[in-house]
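Subject: Handing over the structure, with notes

Dear colleague,

I am passing on the structure we spoke about, and my notes follow below it. Please read them with the structure open beside you.

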Amino acid sequence: MADKKHESTKPVKRSIDIYALTWRMPIIIWQFLFFVGPLIFMIAMSFFLVENYRMVEAFEMKNWVKMLGRNYFWDSYFYTLGLASAATVLATVLAFPASYALAFKMSETARRWAVFFLIIPFFTSYLVRTFSWYVILAESGVINAILSYVNLGPYTMLNTKFGTMVGYMTLTLPLVIILQTLSLSQIDRNLIGAAHNLGCGRIRTVFTVIVPLAKVGLIIGAVFCFILSFGDFVSPYYLGGSKPPTLPIMIIDTTKSGQQWPRAAVVAVMMMVTLFSVAFAAIALAYRKRSQ
Amino acid sequence: MSDPLVELDNVVKRFGEFTAVQPMNLEIHKGEFLALMGSSGCGKTTTLRMLAGLEKPSEGEVRLAGRVMNDVSASDRDTPMVWQTLALFPFLNVRENVEFGLKMRGMAASERRAKALDWLDRLGIGEFAERDVALLSGGQRQRVALARALVTEPEILLLDEPLSALDAHLVIRMQGVLTKLQRELGITFVYVTHSQSEAFAMADRVVIMSNGVVEQVGAPRDIYRAPANRFVAEFVGRNNILTGKIKSSSQKEIKVETSAGNFTVPKGKGTTATTGDQLSFVIAADLVSLTGSKPKTENAVACEVISEEFVGSVVTLYLEAPDGTEFKAQVQQRDLDKVNAEAGKTLWVNWATKHAHVLPEARA
Amino acid sequence: MMNERAIRLFLRLYVGCIFVFVFAPIIASMIFSFNSDRFPTIPLGSFTWHWYETVYNDPDVWDALRTSVIVGVSTAILSTFIGFCTAYSDFRYNFRFKGAYLALALLPPTIPLVIMALAMLAWFSRIGVSGQVWSIVMAHTVMCSPFAMAIIRLRLQQMDSNLEAAAWNLGANQWRTMREIVLPFAKPGIISALCLTAAVSFDEFAVAWFVSGLNKTIPVVVLEIVTGNIDPQVNAIGTFVFITSMTLVIIAQIVIMTQEKKEKQPA
């Protein structure tokens with residue numbers, strides 16, 4: 001039977017189906033009012049003017065010229081891009097052995113529990129966890145205290161790129177591992193067995209069989225890592241010292257102190273354009289048919 | 001027979017470009033056990049769903065007890081169904097599942113409880129009334145689904161491949177339960193299945209469908225012995241189908257020349273047989289005899305034994321004529337003892353002329 | 001070729017290290033919340049309830065807690081309702097522009113919080129609802145409903161597609177079927193979604209910080225304390241926040257897991 005078709009056909013008349021609309025409309029209404037609306041308004045706001053500390057609705061390029069004409073902005077832009085890219089590579093590389101272990105070397109039960117425990121921190125106050133790292137990494141913090149017993153250190157870890165990366169990993173690593181594990185565990189084991197049978201070594205199997213097969217999952221994990229790191233202000237501020245500020249910090253400073261919302265909007269729009277470009281490029285890469 | 005309970009009047013069902021049911025006319029009588037049979041995609045389930053109001057006909061009328069049902073929604077019909085997946089409500093216990101239809105009809109709690117328990121008892125699962133449906137065996141769940149559908153005491157029960165999920169031995173048992181129930185209640189069963197053995201074992205009449213078209217409607221025995229066309233003959237299986245040219249015809253018989261040999265078939269009343277025309281005929285596998293030496297009858301072919309298949313005491317032999325035509329013969333084990341039926345040996349396949357059934361001209 | 005056992009051992013150790021990294025800040029925060037020293041480090045000072053007492057006696061924290069609870073509960077209910085509607089629409093119907101519809105529903109988590117915060121702040125001031133508790137609820141609902149949608153959609157995926165039809169067939173109309181069949185079936189997903197969205201809302205600090213005005217939530221209070229200097233109070237509040245969200249997330253997961261187990265019972 002054409003069962004797929006049955007599922008989708010309705011037993012009631014085709015005219016206005018109040019029942020169907022009841023379920024379909026809430027998200028449309030809500031997202032237009034409180035999601036699409038704000039984002040479009042923010043784009044519009046980037047063309048507004050600020051006069052006497054008050055925003056005036058206008059359509060001027062002034063904010064754009066001002067922000068994009070400054071080295072200060074571009075330094076921050078490339079710095080943020082660099083940090084987020086580094087975090088993406090780092091998280092992907094750090095997560096892979098763990099995901100590999102969870103997917104191939106552990107029982108179904110162990111994997112379930114691991115994912116269970118990785119989901120918890122993803123939904124657990126990132127802010128407090130970052131503060132906790134601040135205490136652990138500080139000059140007289142836990143790590144340096146331990147190192148002093150073996151006459152090492154103290155090392156400066158706060159207000160460095162290392163500190164920022166620790167924060168980014170706190171934010172992204174659990175999610176990246178979950179996404180990688182889910183895609184790795186869907187690989188047909190027989191293919192791996194076949195590769196081994198054909199004399200493909202372990203490391204080579206990983207790179208020639210497993211990574212290509214799990215490509216989509218690995219890229220999606222990386223994209224999420226990039227999005228989260230690129231948009232995060234807590235780690236670069238508290239652990240990285242905010243020198244120079246990243247784009248999210250710039251948005252906060254511009255909004256909170258200077259009342260310069262339109263300029264903050266310019267930064268935000270630039271960020272969104274960047275994120276969408278990266279995400280689309282990555283998805284295109286993920287689903288590209290292999291040449292050859 | 002009495003007035004038809006269900007009438008399908010030129011019913012067509014389309015899903016977008018795809019036509020699931022071609023214009024279909026069918027009458028289903030009160031108290032009848034009717035099977036809709038065909039392979040997947042033939043339109044049998046769509047037909048059943050139109051009876052239940054889950055699909056609306058694109059054209060034509062569906063009438064129930066004389067009333068046009070096209071615009072009556074599923075919930076306003078009294079056409080309960082037993083689902084292929086059973087579709088028991090997993091968060092309700094056995095009794096609550098059975099009570100569901102009564103509850104929707106607004107029956108008081110105590111009354112519907114008594115009714116539900118009564119039906120569970122009738123189906124022999126009264127002791128499981130308060131149990132979780134997930135804890136029951138396949139056969140027990142089947143009975144819950146039946147009780148849930150029958151508790152509203154409908155005139156008609158729709159069954160969509162209800163036995164397809166069961167083990168083979170349970171299927172036979174449930175077939176018994178279903179036929180007994182249907183006789184006792186005297187209500188109409190419309191039973192969708194792809195299984196010939198289920199349809200032929202239980203139904204009074206079988207409707208054979210393919211690609212949305214009704215190929216034949218008839219009692220199981222008629223369909224088996226006298227398939228209406230080549231499709232039915234092939235679908236029913238266990239048939240030897242031969243095609244050849246008409247060499248000559250007399251009042252009662254037609255001589256046909258096929259690649260496997262020349263045969264005689266009976267000539268039906270009012271049929272014309274033009275010499276040189278093509279003709280197909282069927283001999284049911286169980287009407288074929290096997291002999292070790294050339295028999296005296298008219299219709300005989302020497303064939304090589306290819307393989308044999310045992311089901312109980314019945315053996316199906318697969319044979320091949322010199323020209324490559326395949327023959328199937330279904331014989332009793334004890335009859336086979338008389339001949340040497342090892343693979344590679346030669347046996348004579350033969351049949352009485354009256355057992356050949358001429359297929360009507362193939363439709364264009 | 002390396003020894004299989006050695007590799008296994010190495011990978012296990014590696015996974016162990018990752019878990020240490022992930023949970024170290026949570027555990028450290030809990031330990032230091034009972035530590036008497038002003039600057040949290042080792043060796044530990046003595047055991048104390050002092051920081052909890054400080055927090056307990058701080059009326060600002062109580063106000064923030066009240067706001068957080070109101071926001072969390074309202075957000076959970078609203079976003080679970082919207083998430084359910086969307087999940088059901090996706091499960092049950094095919095319609096034109098469904099791809100765009102789902103994109104609209106699922107996109108919010110991919111927008112950085114700071115950007116959401118700025119956009120919401122500007123929008124709410126424009127339409128005149130800024131600085132209220134309800135502003136936070138509206139913003140959080142946008143961010144949480146995709147999570148609710150995803151959880152409930154996964155639950156509905158396990159529903160026999162004939163289940164609704166079976167109810168219609170037995171005389172229930174669509175609304176009645178929703179009440180008698182779909183909602184009870186989706187219940188574990190709904191409970192799970194309520195817990196998870198409450199946890200997300202309870203932890204969210206960026207948007208809340210921008211749009212809350214004077215109605216600070218707990219994370220906003222934490223953010224303000226942290227911006228000042230190192231104050232072990234944060235560990236006490238943090239421990240409370242951790243325990244609350246962890247409890248919610250664990251309940252969310254367990255409800256789904258036990259349901260799956262129950263339904264997987266062999267027939």
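In chain B, 64% of the contacts with a separation of 6 or more are between residues 24 or more positions apart, a contact being a pair of residues whose C-beta atoms, placed from the backbone, lie within 7 Å. Before going further, please bear in mind that this is a predicted model, in which local features need pLDDT of at least 70 and side-chain atom pairs count only at pLDDT 80 or more, while totals for chains, interfaces and linings use all residues. Residues are numbered from 1 along each chain as its sequence is written, and chains are lettered from A and ligands numbered from 1 in the order in which they are written.

To continue with chain B, it has nine helices and 20 strands, where helices (H or I, at least four residues) and strands (E, at least two) are DSSP runs numbered from the N terminus. Its C-alpha atoms fill a box of roughly 75 × 45 × 40 Å along the principal axes, and 39% of its 364 residues count as buried. Here a residue is buried if 20 or more other C-beta atoms lie within 10 Å of its own, exposed if 12 or fewer, and partly exposed in between, with C-beta atoms placed from the backbone.

Chain C has eleven helices and zero strands, and its C-alpha trace spans about 70 × 65 × 35 Å along its principal axes. Of the 267 residues in chain C, 51% are buried, and among its contacts between residues at least 6 apart in sequence, 79% join residues at least 24 apart.

Chain C also meets chain A, with 67 residues of chain C in contact with 63 residues of chain A. On the chain C side, the elements that give two or more residues include α1 (4–32), α3 (59–92), α8 (174–203) and α11 (233–263), and the largest share, 14 residues, comes from α1(C). That side divides into 50 nonpolar, 13 polar and four charged residues, counting Ala, Val, Leu, Ile, Met, Phe, Trp, Tyr, Cys and Pro as nonpolar, Asp, Glu, Lys and Arg as charged, and the others, Gly among them, as polar.

Within chain A, the axes of helix α5 (residues 108–122) and helix α8 (residues 161–184) come within 9 Å and cross at roughly 145 degrees; axes are lines fitted to C-alpha atoms, for helices over the stretch in contact, and angles run from 0 to 180 degrees between N-to-C directions. The residues that meet include A:V115, A:L118 and A:F122 in α5(A), and A:L175, A:I178 and A:T181 in α8(A). The residues of this contact divide into nine nonpolar, one polar and one charged.

Some backbone details deserve a look, given that most residues other than glycine have a negative phi, and most peptide bonds are trans. The peptide bond from A:K243 to A:P244 is cis, with omega near -5 degrees, and A:P244 lies in the loop between α12 (234–239) and α13 (247–256) of chain A. B:A65, which is not a glycine, has a positive phi of about 50 degrees and sits in the loop between β4 (59–64) and β5 (67–68) of chain B; B:A65 counts as partly exposed because it has 14 C-beta neighbours inside 10 Å. C:F97, in the loop between α3 and α4 of chain C, likewise has a positive phi, near 60 degrees, and C:F97 counts as exposed because it has 9 C-beta neighbours inside 10 Å.

With best wishes

How values were computed: Contact = placed C-beta atoms within 7 Å.
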